[in-house]
Amino acid sequence: MTVPDKRVSTRLDPFVDAYAERTEGLKVSAVRALFAVANRPEVVSLAGGMPNISDLPLKALGSAIGGLIESRGPQIMNYGSGQGEEKLREQICEVMALEGIEASPDNIVISCGSQQGLDLVTRILVNPGDVILVESPTYVGALGTFSSYQGKVIHVDTDDQGIIPSGVVAATEMVRSSGRTVKFLYTIPNFNNPSGVLMSVERRRELIAVAQELDIILVEDNPYGLLTFDLPPQPALRSMDADHVIYLGSFSKTFAPGFRVGWVLAPPGVLKKLVLAQESATLCPPVFSQFAISEYLSTCDWKGQIEQFRSMYKQRRDALLRGLEDHMPPGTSWTHPEGGFFVWLTLPEGFDSDQLSARATSHRVAYVPGTGFYADGLGSRNMRLSFCFPTPERIYEGTRRLGEAIAEEAELRATFGFVNPCGSPSGLPAPGES
Ligand code: PMP
């Protein structure tokens with residue numbers, strides 16, 4: 001037995017010197033840090049991105065899944081294929097056809113949510129120091145994955161049409177001229193988390209052309225694409241180019257996140273590596289969940305359910321936009337998403353959303369400060385507001401409270417010339433979604 005080093009064992013964490021370098025990239029996400037505050041019943045949470053799934057047909061689901069256990073329990077509660085169940089992969093092809101994708105089930109690997117899909121893609125592609133281009137701002141959970149593999153993130157500017165192709169060219173040239181590699185560009189073309197921006201079809205074409213020209217892989221993350229409000233689903237990047245695009249899909253927002261089922265659609269060579277990586281990570285994706293989802297898709301009106309989700313989230317989006325119109329001070333601006341879960345708000349000059357967060361909590365409203373969605377410290381005047389979970393009335397009330405918090409902060413600033421932040425809620429431990 002080795003005698004513990006005294007210097008080490010007297011520290012708070014006796015393993016402090018044992019961790020691999022890559023763990024330095026593991027941080028509490030800005031969303032999970034707020035979980036405890038945002039979950040207090042008196043607080044209107046515009047922070048979390050929890051889908052509202054209370055209208056799922058629970059009775060029908062219960063009997064379908066119960067029937068499955070009775071008839072096929074020994075099979076569906078056993079280990080399964082590393083690539084995932086074939087029938088579900090066939091059904092996923094039907095889901096993706098709604099966004100113009102023609103794919104073979106052979107090119108799909110099932111993952112434990114699209115989050116694990118992104119983890120596997122990063123694991124097989126990124127060496128420490130490799131560059132990953134991302135939108136400004138981008139999904140906090142992707143930033144966490146990239147930094148856990150010691151990838152270097154570079155943000156590319158976006159506008160109301162999505163990522164700007166000339167920015168992709170400039171960033172790639174800059175990276176390559178310094179002798180480094182751009183491993184891929186990560187994009188959320190539909191209702192970006194956190195900005196809510198929808199990439200226009202024209203912009204998609206331009207981005208594909210740039211990716212082909214520069215020979216860059218695009219990783220298209222698409223959990224919200226079917227949750228459009230007034231538009232039909234938009235053509236996926238993958239429907240425009242099967243060779244340069246790795247596509248990530250998920251049942252978390254169109255069905256339920258607790259099953260933890262997503263997928264990756266990739267060119268054959270990449271797919272082979274992904275299946276090996278999946279086997280080394282989990283042996284196989286969750287078999288019971290896959291059968292449950294497959295049964296749901298076969299026996300329930302899943303398209304009708306998505307329609308219901310669309311109109312329910314649209315009402316909530318409308319309540320948020322109405323509330324912002326009524327309660328935000330001049331100089332504030334925000335996005336007007338056509339789908340998904342999120343609005344991205346920019347505070348007037350001089351405000352800091354991290355600082356304001358504690359004041360907002362004291363007014364019983366929570367949001368996610370913008371800096372969590374950047375790897376480089378930007379976003380201090382921004383916040384992500386989610387409209388997916390609270391009722392429309394609560395969302396509207398949340399904007400009223402937010403307006404009060406901003407007004408109070410402005411008054412203190414005008415009186416004292418500076419504002420003493422009343423403590424930050426970040427760092428509170430709790431699991432949660434993002
Ligand atoms: N990508 C984006 C853009 C997301 O917003 C989320 C969930 N918040 C995920 C991936 C992960 O989703 P899941 O693992 O539940 O499929």
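This is a predicted model: local features need pLDDT of at least 70, side-chain atom pairs count only at pLDDT 80 or more; totals for chains, interfaces and linings use all residues.
Me: Which strands stand at the edges of the open sheet formed by four strands?
Reply: The open sheet has the order β11-β12-β15-β14, with antiparallel pairing. Within that order, two strands each have a single partner strand, so one side of each is left without a neighbour in the sheet. The strands at the edges are therefore β11 (333-334) and β14 (368-369).

Me: Which residue in β15 stands opposite V368?
Reply: Strand β15 (residues 382-386) pairs with β14 in the antiparallel sense, and two bridges join them. Helix α12 (residues 302-327) packs on the sheet, where β15 is among the strands that it touches, along with β11 and β12. In β15, the residue that stands opposite V368 is R384.

Me: How many of the six residues of strand β9 are buried?
Reply: Strand β9 (residues 245-250) is joined by four bridges to β8, which runs parallel to it, and by four bridges to β10, which runs antiparallel. V245, Y247 and G249 point one way from β9, while I246, L248 and S250 point the other way, and residues of both groups are buried. The number of buried residues in β9 is thus six of six.

Me: Is F288 buried, partly exposed or exposed?
Reply: F288 lies in helix α11 (residues 287-299), and together with I69 and M77 it forms a nonpolar patch on the surface, with about 270 Å² of accessible area together. Buried means under 20% relative accessible area and exposed means over 50%. Because the relative accessible area of F288 is 31%, this residue is partly exposed.

Definitions and conventions:
Residues are numbered from 1 along each chain as its sequence is written. Side-chain values use heavy atoms; hydrogens and water are left out. Patches are made of residues with over 30% relative accessible area and no salt bridge: like charges are joined within 9 Å, nonpolar side chains (Val, Leu, Ile, Met, Phe, Trp, Tyr) within 5 Å. Accessible areas come from the Shrake-Rupley method with a 1.4 Å probe; for residues, only the protein chains shown count as cover. A salt bridge is a side-chain nitrogen of Lys or Arg within 4 Å of a carboxyl oxygen of Asp or Glu. Buried means under 20% relative accessible area, exposed over 50%, partly exposed in between (1.4 Å probe, protein chains only). Two strands pair if DSSP finds at least two bridges between them. Contact means heavy atoms within 4.5 Å. Axes are lines fitted to C-alpha atoms, for helices over the stretch in contact, and angles run from 0 to 180 degrees between N-to-C directions.
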